[in-house]
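Work through the exercises below with the sequence and the 3D structure open beside you. Try each task before reading its solution.

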Amino acid sequence: MSAEIVQVDILIVGSGPTGSSIALHLVQQDPKWAERMLIVDKAIHPRDKLCGGGITYLGENILTDLGLPFEPNNFSVREVQLRYADKSYSFYGNPVFRIVRRREFDHWLVQQAEARGVAVSQGEGVVGVEIRPNFVQVTTDKRTIQAQVLIAADGSRSFIRSRLKWDDDSRVARLIEVDTPEDPQQNWNFRDKVAVFDFTHMTNDLQGYYWDFPSYVDGVATMNRGVFDSRSRPEKSKADLKGVLRDSMAERARSLDDYKLKGAPIRWFDAKGQFSQPRVLLAGDAAGVDPLFGEGISFALAYGAPVAETVADAFARADFSFESYRKRLMSYSMFKQLRLRVAIARFAYKLNSPRIFRLGWTAARWVVARTPWRNPDYVPAKPLVQ
Ligand SMILES: Cc1cc2nc3c(=O)[nH]c(=O)nc-3n(C[C@H](O)[C@H](O)[C@H](O)COP(=O)(O)OP(=O)(O)OC[C@H]3O[C@@H](n4cnc5c(N)ncnc54)[C@H](O)[C@@H]3O)c2cc1C
């Protein structure tokens with residue numbers, strides 16, 4: 001490590017969708033912010049990130065508001081099938097959502113920030129953080145950085161969160177996944193562009209679902225298959241995720257043992273949680289996302305606008321207490337939705353009676369048939385006007 005000390009106004013740790021979105025929202029607000037901030041990431045893009053890569057119109061709309069057409073390679077899902085045992089119903093759309101490979105999507109977002117003059121130091125990991133009276137001192141494996149404001153966008157295992165003793169690991173969803181190469185001519189998910197969410201195992205302690213996401217990795221048709229366990233009711237016993245994945249894959253004539261199993265957590269949002277302390281803001285997975293479906297990318301992008309607004313306001317008033325950050329977050333419709341999803345997850349994942357499930361399934365099918373999502377030509381994302 002060199003003895004160099006760098007001073008910046010804003011230091012963003014993490015260049016996933018959260019970090020890039022914050023930077024892009026700041027420069028959209030005023031291009032001069034570009035020279036006042038620095039993003040550091042321990043990884044070098046394009047880097048892998050364990051993720052299904054599903055992005056709904058909620059995330060796409062945020063990119064549209066940033067003036068960014070959706071450029072990264074993606075698989076357009078035209079039907080989402082929700083299943084419970086022998087019952088199922090579908091959402092349709094053009095597309096219902098897109099599936100990206102995170103190494104490409106995150107890299108593209110970083111390039112968008114760099115193109116607007118934002119400095120992104122890749123391959124620089126944060127190893128220490130100390131709050132001083134007039135700045136935050138961050139130590140990386142390369143140098144020391146003194147920042148007026150530190151934004152932790154460093155993911156669900158946030159180093160900053162744990163180093164500043166933010167505690168509370170109860171709000172963590174568990175996810176495991178495998179990638180299976182497929183023949184796109186033989187596989188109906190690819191042919192008909194269908195993603196599946198299968199809730200059958202909810203009666204076996206699982207507070208979530210099994211998923212099948214079709215996608216292309218370097219041109220090869222690849223199914224991303226995984227299990228999401230929200231743990232939004234942490235008092236209940238833990239499901240055997242590997243067993244659920246094994247059984248679900250066996251039903252699809254695949255053996256789990258033939259593939260490399262990977263796992264990672266998602267932190268879920270709690271409106272009563274602590275999102276800031278003086279000079280430090282948490283955002284994205286480090287703060288919390290959706291425990292109902294495990295939708296993290298759209299919500300990671302959604303932190304961009306309120307964080308940019310909070311930071312600009314702090315500099316304008318020279319007040320870095322960040323006392324109003326939570327209130328500002330909750331004033332955005334995406335965070336109202338997040339709060340609602342938490343409440344629904346807590347209720348829905350409490351149910352484990354097959355009879356109630358079947359009733360709920362019939363009701364849900366009836367409701368969907370009365371929404372625009374019954375129409376395969378429905379376009380949920382708003383158009384980009386340039
Ligand atoms: C198995 C799995 C499947 C998922 N599937 C979906 C899905 O289909 N759709 C969806 O919407 N969401 C999904 N998610 C959730 C989604 O991946 C996350 O919510 C999203 O990545 C959060 O973005 P982020 O920018 O906050 O964090 P991240 O994307 O994790 O980025 C954090 C960045 O911080 C960097 N970093 C970490 N520590 C340090 C450090 N000490 N110093 C410097 N840099 C550091 C990392 O290198 C990384 O680049 C899934 C998650 C998992 C685990």
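The exercises that follow concern a predicted model.

**Exercise 1.** Describe the residues around the ligand by class, and state which come nearest.

Solution. Step 1: there are 37 residues around the ligand. Step 2: sorted by class, this shell has 15 nonpolar, 15 polar and seven charged residues. Step 3: Gly-14, Gly-16, Gly-52, Gly-284 and Gly-296 come nearest. Step 4: at least two residues of the shell come from each of α1 (17-29), β2 (37-41), β10 (172-181), β14 (262-267) and α7 (297-302).

**Exercise 2.** Give the strand order of the open sheet of eight strands, and explain why one side of each edge strand is left without a neighbour.

Solution. Step 1: the order is β3-β5-β4-β11-β12-β13-β10-β14, with mixed pairing. Step 2: β3 (54-56) and β14 are at the edges and have a single partner strand each, so one side of each lacks a neighbour in the sheet. Step 3: on average, neighbouring strands of this sheet are turned by 35° against each other, direction ignored. Step 4: β11 (residues 194-198) and β12 (residues 208-217) run antiparallel and are joined by three bridges. Step 5: Asp-198 has Tyr-210 in β12 as its bridge partner.

Key:
Residues are numbered from 1 along each chain as its sequence is written. This is a predicted model: local features need pLDDT of at least 70, side-chain atom pairs count only at pLDDT 80 or more; totals for chains, interfaces and linings use all residues. A residue is near a molecule or strand if its C-beta atom, placed from the backbone, lies within 6 Å of it. Helices (H or I, at least four residues) and strands (E, at least two) are DSSP runs, numbered from the N terminus. Ala, Val, Leu, Ile, Met, Phe, Trp, Tyr, Cys and Pro count as nonpolar, Asp, Glu, Lys and Arg as charged, and the others, Gly among them, as polar. Two strands pair if DSSP finds at least two bridges between them. Axes are lines fitted to C-alpha atoms, for helices over the stretch in contact, and angles run from 0 to 180 degrees between N-to-C directions.
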